[in-house]
Amino acid sequence: MTIGAGQLVCVTGASGFIASWLVKFLLQRGYTVNATVRDLSDSRKVDHLLNLDGAKERLHLFKANLLEEGSFDSAVEGCDAVFHTASPFFLVSKDPQGELLDPALKGTMNVLKSCVKSRTLKRVVLTSSIAAVAYNGKPQTPDVVVDETWFSDAEFCRRNGKWYNLSKTLAEEAAWKFAKENSIDLVTINPAMVIGPLLQPELNTSAAAVLNFVNGSETFRNVISGWVDVKDVANAHILAFENHSANGRYCLVGRVTHNSVIVKMLRDLFPTLQLPQKCADEKLYAPIYQVSKKKTKNLGIKFTPLEVSLKETVESLKEKKFIKF
């Protein structure tokens, strides 16, 4: 008997990068899934979900809008768990309030308000981000270990124009406050830059970060990033529901590394690709910091090696014709 047999769960923003893998794995484990999308008639959002194994029997699509209170009620009703992944992710925005902050904050509140009405709900697993953890002005040097006790500082994010980070920080803070006030059992997953193969046909922001290395650019940015595989992130969501002792936040970072290392890995994996030759500036490379893996290991996550994730990302981008080589 599969673990999820007889259990009904809801995944919001189901057409997204992480959410599509989450739906796939939930169906594999025997769950029945209520999946929300903004537009049921958009084949680019729903076809890849409807083609998943088990979808015919156990996948139900619901139309829902983050900014509409009550629009998640019917999708959440009768569910054992809600996985709230729906939240816009892009790094450049002309209208941060309308494009990022409102959907993240109001959307999270609207989903949680629907959760309060459900009598069957056991737990809510929220897709947050390392963006809500590590951006607070504290030094990040090789001897520093970022962990789940860190919170990003909203004012610091605002001052530095980090609008995506601000959106995730405000949404997660509000979620914890609301969950406490309404006795919701909440767990958050805080991944770094998520890469790996794409199930959806459209390019997402984190896969685009890999595409930027391989589409003929002459330089790479002088930045440090955390990276994690999409399958590890999807699995972490499920384990955060299935493991009764799971609690609080989980920082999901397989590896922290400089862009120069990513370029070298890609060069070793794909010698024929036209990759950047040099860094975009002459400054010293920023130091690598650490992110604690203790809590995620206790959850049962074994991180996919970064080389494997990069290889699968590039092969997926090729298969979906975002790159030719």
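Predicted model: local features only at pLDDT ≥ 70, side-chain atom pairs only at ≥ 80, totals over all residues.
Begin by selecting residues 96-116, which make up helix α5. With 21 residues, α5 reaches 29 Å from its first C-alpha to its last, and this is close to the 30 Å expected at 1.5 Å a residue. Moving along α5, stop at Asp 102, where there is a kink of about 45°, shortly before the proline Pro 103.

Next, select Thr 108, which also has its place in helix α5. Because its relative accessible area is 4%, below the 20% under which a residue is called buried, Thr 108 counts as buried. Show its side chain, and you will find that it reaches the backbone oxygen of Ala 104 at 2.7 Å. If residues up to four places away in sequence are left aside, the residues that Thr 108 touches are His 84, Pro 103, Leu 126, Ala 171 and Ala 175; Pro 103 is the proline that follows shortly after the kink at Asp 102.

Now turn to helix α7, residues 163-181, and select Leu 166 within it. Is Leu 166 buried or exposed? Leu 166 is buried, because its relative accessibility is 0%. Display its surroundings, again without residues up to four places away in sequence, and Leu 166 is seen to touch Leu 101, Ala 154, Cys 157 and Arg 158.

How values were computed:
Residues numbered from 1 in each chain as written. Heavy atoms only, no water. Helix = DSSP H or I, 4+ residues; strand = E, 2+ residues; numbered from the N terminus. Buried < 20%, exposed > 50% of the residue type's maximum accessible area, 1.4 Å probe, protein only. Contact = heavy atoms within 4.5 Å. Polar contact = N/O pair within 3.5 Å; in protein donor to acceptor, adjacent residues only side chain to side chain. Expected span 1.5 Å × (residues − 1). Bend = angle between axes of the 7 residues up to and from the residue.
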